[in-house]
Number of protein chains: 4
Amino acid sequence: MTDEQEKSPDAIRVGVLGARGRMGIEVCKAVDATGDLELVAMIDQGDGLFAASDAGAEVVVDFTTPDVVMDNLHWCIDQGISVVVGTSGFTEQRLERVRGWLSRMPGVGVVIAPNFGIGAVLMMQFAEKAARHFESVEIIEQHHPRKLDAPSGTATHTARLIGQARAAAGLAAAPDATTDEVPGARGADVDGVRVHAVRALGLVAHQEVLFGTAGETLTIRHDSYDRASFMPGVLLAVRAVRNRPGLTIGLDALLD
Amino acid sequence: MTDEQEKSPDAIRVGVLGARGRMGIEVCKAVDATGDLELVAMIDQGDGLFAASDAGAEVVVDFTTPDVVMDNLHWCIDQGISVVVGTSGFTEQRLERVRGWLSRMPGVGVVIAPNFGIGAVLMMQFAEKAARHFESVEIIEQHHPRKLDAPSGTATHTARLIGQARAAAGLAAAPDATTDEVPGARGADVDGVRVHAVRALGLVAHQEVLFGTAGETLTIRHDSYDRASFMPGVLLAVRAVRNRPGLTIGLDALLD
Amino acid sequence: MTDEQEKSPDAIRVGVLGARGRMGIEVCKAVDATGDLELVAMIDQGDGLFAASDAGAEVVVDFTTPDVVMDNLHWCIDQGISVVVGTSGFTEQRLERVRGWLSRMPGVGVVIAPNFGIGAVLMMQFAEKAARHFESVEIIEQHHPRKLDAPSGTATHTARLIGQARAAAGLAAAPDATTDEVPGARGADVDGVRVHAVRALGLVAHQEVLFGTAGETLTIRHDSYDRASFMPGVLLAVRAVRNRPGLTIGLDALLD
Amino acid sequence: MTDEQEKSPDAIRVGVLGARGRMGIEVCKAVDATGDLELVAMIDQGDGLFAASDAGAEVVVDFTTPDVVMDNLHWCIDQGISVVVGTSGFTEQRLERVRGWLSRMPGVGVVIAPNFGIGAVLMMQFAEKAARHFESVEIIEQHHPRKLDAPSGTATHTARLIGQARAAAGLAAAPDATTDEVPGARGADVDGVRVHAVRALGLVAHQEVLFGTAGETLTIRHDSYDRASFMPGVLLAVRAVRNRPGLTIGLDALLD
């Protein structure tokens, strides 16, 4: 990346909502450093959304808060601006409302993703796909010791995907002859998948999914060190959203 | 697995060609230990193929040698028996002949796979899929020190798949500022992918594909300890082959 | 290794007790394949111990059973033969008796080791040494799913060594902000060290000790695939035992 | 760590030279956050060294530059202040001069260390110790792709230590049957040890030393994410230096 990235003449014009927030700042930097995207509007609390349309934004990225994101979405869709949303708090009811707004604007696309980390999303996809081919599977996630929950949300979500895939494939419980266990040694049971949460200084955010069958193991590991790791996923969505009219949930569909 | 596995009444009847070879022995044991498969014929050099049809084999598994496998295939297809082939030496010309035989027997299926290790096949699938989402990728394969080639055939094949996927996605060369290299430190260049081959006593057969982008890495690792690791892939093919008329090459299609 | 290893003229003459047991067979093969050791007696149930002295054994390796090992030891020491013992069941009382017998034979050495795996012993040594330099430490052990206990004996022993080293260094409990835990996620507490036990097909016997402090982690990992892994430790002891009069417990002292 | 760390009444009084440099800033923060150390002087270019003695500094930490560090050392030693030095550029000649100054001040200690990462230092110590017990050993180091040299200085240094230990133990070359190598696949040869350098976005600074013998491997891995990882080593030296009169080179001696 360079500060003075030369822009393509047909660069996509991008506005950022929540531009002064932690994620918004990163998004602005990432767009600015990319040749086929042009940052045309940085908008935060107190600024009008009109700045986005006035600047000719074709795509808006929203990293704001649950209390304002619905108004932002409604306004952008009505303006014919496609939106990439990283803000949380989307219930099924909210998604229905977004679909309603989009139904009247057939050319507009919206991508709402709970996780823009391409590595994490691929790890979960691969884990889900491998699940039915291995009798054994366990998850080991490793995080810094300031984390409050164990296991992590990503580990729990991965375990659920694996548990569903195993059930659909008719797999029995993973073999385990343990009869003599110091409490906790075998980890937490999440949908039939054992999950181990390691906490240590020096760690950031890591997860390993270990699959085993007779004579072989397959391990999928994701290491995340930095908020910057979400940017490739955001840029991918920005580039893709105008070609995906309607509502797209999650990064998965964009990775195929 | 148990020695006295109770068989389902509608178990698939399986014959094994090359039943006294290293792989054949394992296949016989694996079939025998599986409830929905029944081992009805063990055939090796000097035995007639008729033993398979006489025993009512519905599927034959062939781990023989390149000089007899074509005759085996021709005979089985003509008998209406589906075949799972682990024998090597299939040229495009040979595959054409097999397709010709199969065209006259629309209900018969043949699966020919160079690698029955589900873990290895999935590793390559996942690597190919992840390839276009990460600027950086390197392969580290680790084997016992009696191995003659470096890198391994699997590593070379994986590198080629990744190289093609990167080219198709328009990815530039992976970033690398190295100006001062002790010869060999940066590994071998296989289709633009750096491959490192580690050799040490104690190792068996391992491979790691490491993908990197800003702030995160994704690693796919396969560890193989034992010939037994090929059996789940063989059994998968045995179960699937009758429902896949015609020729199927590779395990990939069966894993989806 | 070769079957016809040429022997050095001053090779150490070695007898094996329990020569037809699983470990004894391996020991015989390993001694036989080593140039500076010569296998002069293979003794098992029903054979007389005199075979060892008749053959001029200088060192005897004992992989027998707790009910005969004390008689074996007594006899060997009285004959002036040094002994390497892998048999289990040594209480402090038994060790005292061995020391008594040895006190009358100042030239004889006995090495009794609960674990002849050099890798495992070094892992524990290094873990103990690193323990007081890192605020955080956790153990992840991984085994095949037929194992009955969780965590493994080696993991429990390692945790105790680390716990003692931390206490001696005045280290407080490892930092851990977890407030919301699915039961078992954070592993078992063994002497203040969190231990996670993974069980999966395809695994053999593996252990990872992860140390962490601000900005860095140090990981010591041991992978054991085979009974053969104990042989280098046995040979090391055979070579060293005559130069270590008296009783030596554990392989540690021999590794320095 | 807290911003308002309560200080012990007998906290060691510490001055920092190069206090506004990248490392100096970290040292000041680390000392400030530690109960048994008190930051009494922050000195940088343009400031007089007298500030250290005026403030009653008992230990000075020097992260300055090779052109001023000798004057700093001379002055501190003459004042009876012990010094911990992270500045580079120490030739044998320079070390001799420091020893000369120290010889006249028997109560003063100086610790000069090229690497204050406790994890890295322990990794090298353990690797050196394990070296003579394993026939096979290889090093895999992994860094961000902006790095100019391959392999890294730490990897080269580790390989040298291992090579010397192997030579001293009379070990032959590691077994390797490779006859068919794509150039570079087997890595660089550094003192008989194969070293592989991986470069990928997302990586920071990592090194793995893999030892192998029949049936087992032992792996020592160090992951460094942050300049902060050097602070525990600096603090260790600050606490120890006054009890180690004379010159101490490297962190090793302080870790025992």
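**Notebook: two interfaces of chain A**

I started with chain C and chain A, which bury about 3100 Å² between them, 62% of it from carbon and sulfur atoms. I noted that the model is predicted. C:Leu148, C:Ala150 and C:Leu201 give 17% of the area that chain C buries against chain A, more than any other three residues.

I then counted residues in contact: 42 from chain C and 42 from chain A. I looked for salt bridges and got 0. Polar contacts came to 21 residue pairs, both residues at pLDDT 80 or more. Several strands of chain C give two or more residues to this side, among them E6 (136-143), E11 (205-213) and E12 (216-224). E10(C) has the largest share, 5 residues. I sorted the chain C side into 19 nonpolar, 12 polar and 11 charged residues.

I also checked strand pairing here. Strand E8 (residues 180-181) of chain A runs parallel to E7(C), over 2 bridges. A:Glu181 has C:Ala150 as its bridge partner.

**Chain A and chain B**

I turned to chain B. Chain A and chain B bury about 2600 Å², 57% of it on carbon and sulfur atoms. In chain A, the residues losing the most area to chain B are A:Phe126, A:His133 and A:Glu216, together 22% of what that side buries. Each chain brings 32 residues to the contact. I found 0 salt bridges and 17 residue pairs in polar contact, both at pLDDT 80 or more.

Last, I looked at E12 in both chains. E12(A) pairs with E12 (residues 216-224) of chain B in the antiparallel sense, over 9 bridges. A:Arg221 is bridged to B:Thr219.

Definitions and conventions
Residues are numbered from 1 along each chain as its sequence is written. Chains are lettered from A and ligands numbered from 1 in the order in which they are written. This is a predicted model: local features need pLDDT of at least 70, side-chain atom pairs count only at pLDDT 80 or more; totals for chains, interfaces and linings use all residues. Side-chain values use heavy atoms; hydrogens and water are left out. Contact means heavy atoms within 4.5 Å. Buried area is the accessible area (1.4 Å probe) that two parts lose on being put together, summed over both. A salt bridge is a side-chain nitrogen of Lys or Arg within 4 Å of a carboxyl oxygen of Asp or Glu. A polar contact is a pair of N or O atoms within 3.5 Å; within protein, one must be able to donate a hydrogen and the other to accept it, and residues adjacent in sequence count only if both atoms are side-chain atoms. Two strands pair if DSSP finds at least two bridges between them. Helices (H or I, at least four residues) and strands (E, at least two) are DSSP runs, numbered from the N terminus. Ala, Val, Leu, Ile, Met, Phe, Trp, Tyr, Cys and Pro count as nonpolar, Asp, Glu, Lys and Arg as charged, and the others, Gly among them, as polar.
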